[in-house]
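Please look over the sequence and the model, then read on.

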Amino acid sequence: MSRISNTETGKTGKIWLVGAGPGDPGLMTLRGRQVLQEADAVLCDALVSKDIIALIPPSAEIIYVGKRSGNHSIPQEEINRLLTDLSLAGKRVVRLKGGDPFLFGRGGEELELPAKLGIPFEVVPGVTSALAVPAYQGIPVTHRDFCSSVHIITGHRRDTFDDIIDYEALIRAGGTLIFLMGVSALSDICSGLLKAGMDPNMPAALLMRGTTPDQRRIVATVRTLAEEVQQQGAETPAIIVVGNVCSLAKDFSWYGRYSFAGNVSRDNPLSPADIFSRCDTMAATDNRMQNDTSDSTQPLQGLHILLTRPSALIDQTADKLRTLGAQVTEYPTIRTVRREHNPALYRALHNLNHYQWLVFTSPTGVRIFFEEFQGQQIDIRKLSGIRIAAMGSGTQKELACHGLYADLVPEIYDGKHLGIALAKAGKTGDHILILRASSGNPELVDALSKMHADDIPTYDTVLAPPNSLPRRLYAELKNGAIDYILFTSASCVRGFAAAVGTVNGINYSMLKAVCIGKQTQQEADALGMTTWVAEQAYIDSLIDRLTFIHEQQ
């Protein structure tokens, strides 16, 4: 198979058919996320959730080719042509599909032309809604007491004889029936099953917006489901499940509840009375949960957050926010670049016995230190007798990964307070090795006037290029689609300002920013943003502050 490349960019054109899963971004595969992050263009289905779309890098072009309930925004032939044209132009093209691309996703049809033209392609399977959505609603699609098979049927079919569903065969098989894309045909499906001889009292369910904070279900019987849905209203996307396993939903429903165990531990076990009390509480609230989409376990539900951390640090923070219900757009406004040739650092590493203190101000500084330590083939025992000072919980965690624990951590996480604390803890004349970014706060060294401080930059902080804000992100900021921006350093604010530049016309006074520390807040204030600051300068405190602000407003 020949490879197609763009002579201007040097990139090799390729197509990826990626299954986005059923909606919860946590159910998208690692491979799918990786491919998405490297995409130049993404052809996106209507069934792909907003949380998944938020994972698309701002630099990528998004083309919406969605299809829903007969409303086809772009004909299938045009989608096929777009895939080939973009890949022939040397682009990395992701065809992003809800669920799995090969399960009623027309993935096979979309690969026919690329295969004929010799365009490289790859299929990244996805978690299908047929299994995940029932699971999130407490419905196991198989159960030894009820059935031993499951059958997945498309409810969206062409008006031809060949596509008529053989309901009698389905009933004879005796398993759980799952109809995808069948909301508009719900009445016909139930009628067809009844005419074929299915027990009218067979449990049946319509599961809507599954695996998302807005998920809802209607459980009835084959005879009454269509009427119940007409009364309560249907939302898409949705799937239909028919089978005795639907009766388990009330007992097994788990998504959106408080954890059953709560703060249970070996030292804090539940008594039998506690267990029965909690069971009664969950049973009493089950019916309320079906009609109440609010979720106390997801206090940030509905918020759209712009996260500006460096790409190496952004994933964990984004996952925490998504767990709390937020939609997150990741747009790193700075990047850290390790200094490849650093003679001053090499000399310091080979003379560690000269120092009484080793100081780190960021997780990046710790990682680079150990990379260089290993690269210089220095024995870890050289650190014996050296005290360690660290700024921030993230820095402490990174040190702990290497079996080291800080002797000194300032109460306030900034250079000034670290310097003051270090001056008090150390002795006059102590030699201190500070390893940090080249743009580090000078107040740290200023506070160490009675000591000998070697302040060695190990990496540079590079701001986003001027006027580089992607058009999609610019539009979201302009029209108020971003509820809050989270800044984890003053450099992130400066990088954001650089990306916005002077030509985009963003009104900073309309932007709301939650900042990790006072220095970061000062940078955002200088731009005219409405700002809040975390009580303590670490990520969990920043998220707690965001949650509190949202609840108050």
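**The chain as a whole**

The model is predicted. Its protein chain is made up of 20 helices and 23 strands. The chain has 553 residues, and 49% of them count as buried. Among contacts with a separation of 6 or more, 67% are between residues 24 or more positions apart. The accessible surface amounts to about 26900 Å², and carbon and sulfur atoms hold 50% of that surface.

In soluble globular proteins, nonpolar side chains tend to be buried together. The largest nonpolar core in this chain has 24 residues, of which Leu 177, Phe 179, Leu 193, Val 222, Leu 225, Ile 240 and Val 242 touch the most other members. Two or more residues each come from helix 6 (167-173), strand 10 (176-180), helix 7 (186-195), strand 11 (203-208), strand 12 (216-221), helix 8 (225-232) and strand 13 (238-242). Helix 7 supplies the largest share, four residues. Beyond its neighbours up to four places away in sequence, Leu 193 touches Tyr 167, Ile 171, Leu 177, Phe 179, Met 198, Val 222 and Val 242. Another core, of 22 residues, lies apart from this one, and Tyr 331, Leu 473, Ile 485 and Ile 506 are among its members.

**Aromatic residues**

There are eight aromatic pairs in the structure. One of them, formed by Tyr 484 and Trp 532, is edge-to-face, with 5.9 Å from centre to centre and 65° between the planes. Tyr 484 belongs to strand 21 (residues 484-487) and Trp 532 to strand 23 (residues 530-533), so this pair ties together parts that are 48 residues apart in sequence. Tyr 484 and Trp 532 are both buried. The ring of Tyr 484 also has the charged end of Lys 512 over it, 4.7 Å from the ring centre. Elsewhere, Phe 360, Phe 369, Phe 370 and Phe 373 make up one aromatic cluster.

| Residue | Relative accessible area |
|---|---|
| Thr 176 | 1% |
| Leu 306 | 0% |
| Thr 329 | 3% |

Thr 176 is part of strand 10. Its side chain reaches the backbone oxygen of Val 141 at 2.7 Å. Not counting residues up to four places away in sequence, Thr 176 touches Val 141, Cys 147, Ser 149, Val 150, His 151, Val 241, Val 242 and Val 245. Val 242 is also one of the residues named above for the largest nonpolar core.

Leu 306 lies in strand 14 (residues 304-307). Its C-alpha atom is separated by 6.6 Å from that of Ile 482, although Leu 306 and Ile 482 are 176 residues apart along the chain. With residues up to four places away in sequence left out, Leu 306 touches Thr 329, Tyr 331, Leu 473, Leu 477, Ile 482, Tyr 484, Ile 485, Leu 486 and Phe 496. Of these, Tyr 331, Leu 473 and Ile 485 belong to the core of 22 residues.

Thr 329 is located in strand 15 (residues 327-330). Which residue does the side chain of Thr 329 join through a polar contact of 2.7 Å? The partner is the side chain of His 304. Apart from its neighbours within four places in sequence, Thr 329 is in contact with Ala 54, His 304, Ile 305, Leu 306, Leu 307, Leu 473 and Glu 476.

Key
Residues numbered from 1 in each chain as written. Predicted model: local features only at pLDDT ≥ 70, side-chain atom pairs only at ≥ 80, totals over all residues. Heavy atoms only, no water. Core = buried A, V, L, I, M, F, W, Y, C linked by side-chain atoms within 4.5 Å. Buried < 20%, exposed > 50% of the residue type's maximum accessible area, 1.4 Å probe, protein only. Contact = heavy atoms within 4.5 Å. Phe/Tyr/Trp six-rings, centres within 6.5 Å; stacked < 30°, edge-to-face > 60°. Lys NZ or Arg CZ within 6 Å of the ring centre and 35° of its normal. Areas by Shrake-Rupley, 256 points an atom, 1.4 Å probe, with all protein chains shown as cover. Polar contact = N/O pair within 3.5 Å; in protein donor to acceptor, adjacent residues only side chain to side chain.
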